[in-house]
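This report describes how the parts of one protein model are arranged and connected. Please keep the sequence and the structure in view while reading.

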Amino acid sequence: MDKIALSYGRGHLDITLPPGARPTVIRKQQLPKLADGKAAVIEALHHPVASEPLSDLARNRQSACILICDITRPVPNRLFLRPMIETMIAAGIPQEKISVLVATGLHRPNLGDELAELVGDPWVLENVRVENHYARDEDAHIDFGFTKTRNTPVKLDRLFAEADLRIATGLVEPHFMAGWSGGRKVIAPGVAHHETIRTFHSARFMEDPLAVQCNLIGNPLHEEQLEIVRMLGEVYALNTVLDEDRDLVCVTFGEIIASHQAAVDFVSGATQIPLDRKFSTVITSSAGYPLDKTYYQTIKGMVTPLDILKPGGTLIIASECSEGFGSPEFREAQARLVELGPERFLATLTAKSLAEIDEWQTEMQLKPMRLGSVELYTTGLSGDDRTLTGVGMIDDIQTAIARSISASGDADVAIIPEGPYVVPRYAA
């Protein structure tokens, strides 16, 4: 137990604990791997949740659009895209009328070799149209009006909204605002207009105490997403669940809300880990590649373990940041945070009905900063980027752990190798 491997980049980072440290390693409960992933996908397509099988759904349809998550999520698209498309073609949908749309939200597009990696199957790229969603392209969206509950403007990608058969696909994992990823979230914000996305990420949603990981009850983001799905109409979803080795352990297909809930029910108990104490020192990761490609995504790993961090404690996170910092908009938000400080920065957000692009991630960083100290180990940031993180930078995790133990007088250390994919809960 003196050496523990954290998920880092495409591999692992071995950390050595200082003498006297008492580690508690927090992992998801083990779930049985599916022996044949493609066979499990086909089984799910034949035996869906609250819908007809895909072969029946595809009959007499004139077009189809399949949403996939962007490169920041390790979704096993290689396992399910071709079986889904072949089923659609066999049911009579013209091949040229089948499209795959990358649900980028407001992230950058995935192109070239990256798109090939994301899709995972050359046959798909060769046989159907594959496009990226562009949230700032006004003409690429259909206006559905406003939600009745919270008056969110609803504009969705035309390619998906106008398709005769609409299917979202994704990964069900804890999400630090929407409760759980996958399902309805792949539609909004996945293929939503920037005004819809920026409304979701405004302070009135972000500061809501129910907008937290693993919670769907009363979560304003989740409730708006469900309302948007109902405004859109008939939609289906294929949801996957992966273990720590990124192997498939669950796949569901069917009506979008019911099939997503089935995947959540499957993984919820294994992902939320109850603990009877809090810790002055918590070590975590950004879950490795692809989530730790940027500092922007790294903040998710800072927020997820806060339930077990003692006030005034130290949160140490390792993230490769192989692509660096993040978008120019995120950089601007972080610069304002560093200049103004947390309280004044938050004050600039609360009156806005539309958040500035990517400043919501900076707002989420305020949560760990309010509770304790945050220290980052990374090999991907240099120069001004390190200053703009707004957190402490470390070059030696063992020394940082020893310093935290010395400051707190508490040798117990919590370690979460898989980062935000695991949710520790203080259960006392």
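The text below treats the sheets, the cysteines and the salt bridges in turn.

The model is predicted: local features need pLDDT of at least 70, side-chain atom pairs count only at pLDDT 80 or more, and totals for chains, interfaces and linings use all residues. Residues are numbered from 1 along each chain as its sequence is written, and side-chain values use heavy atoms, with hydrogens and water left out.

**The mixed sheet**

Helices (H or I, at least four residues) and strands (E, at least two) are DSSP runs, numbered from the N terminus. Two strands count as paired if DSSP finds at least two bridges between them. Strands of a sheet pair through backbone hydrogen bonds, either parallel or antiparallel.

An open sheet with mixed pairing is formed by 6 strands in the order 6-5-4-9-12-13. Strand 6 (129-132) and strand 13 (248-255) stand at its edges with a single partner strand each, so one side of each has no neighbour in the sheet. On average, neighbouring strands are turned by 20° against each other, direction ignored. Such angles run from 0 to 180 degrees between N-to-C directions, with axes fitted to C-alpha atoms, for helices over the stretch in contact.

Strand 12 (residues 236-242) pairs with strand 13 in the antiparallel sense over 7 bridges, and Asn-239 stands opposite Thr-252 in strand 13. Helix 3 (residues 77-90) packs on this sheet, and its direction makes about 175° with that of strand 4 (64-69). The strands touched by helix 3 include strand 5 (98-103) and strand 9 (165-171); contact means heavy atoms within 4.5 Å.

Another open sheet has 6 strands in the order 3-19-15-16-17-18, with parallel pairing. Its edges are strand 3 (22-25) and strand 18 (392-394); each has a single partner strand, so one side of each is left without a neighbour in the sheet. Here neighbouring strands are turned by 25° on average, direction ignored.

Strand 17 (residues 373-377) and strand 18 pair in the parallel sense over 3 bridges, and Glu-375 stands opposite Gly-392 in strand 18. Helix 11 (residues 295-303) packs on the sheet, touching strand 15 (279-285), strand 16 (309-318) and strand 17. Helix 14 (residues 359-371) lies across strand 16 and strand 17, at about 130° to strand 16.

**Cysteines**

How many disulfides does the whole structure contain? The search finds 0 disulfides, a disulfide being a pair of cysteine sulfur atoms within 2.5 Å. The sulfur of Cys-214 lies 15 Å from its closest cysteine sulfur, in Cys-250, which is too far for a bond. Cys-214 is buried at 13% relative accessible area (buried means under 20%, exposed over 50%, partly exposed in between, with a 1.4 Å probe and protein chains only).

**Salt bridges**

The whole structure has 30 salt bridges, each a side-chain nitrogen of Lys or Arg within 4 Å of a carboxyl oxygen of Asp or Glu. The table gives examples.

| Pair | N to O distance |
|---|---|
| Asp-245 and Lys-33 | 2.9 Å |
| Asp-410 and Lys-310 | 3.4 Å |
| Glu-375 and Arg-403 | 3.3 Å |

In the pair of Asp-410 and Lys-310, Asp-410 lies in the loop between helix 16 (397-408) and strand 19 (412-416) and Lys-310 in strand 16, so parts 100 residues apart in sequence are tied together. Asp-410 is buried at 10% relative accessible area, whereas Lys-310 is partly exposed at 30%. Both belong to a network of salt bridges that also links Arg-22, Arg-277 and Asp-412.
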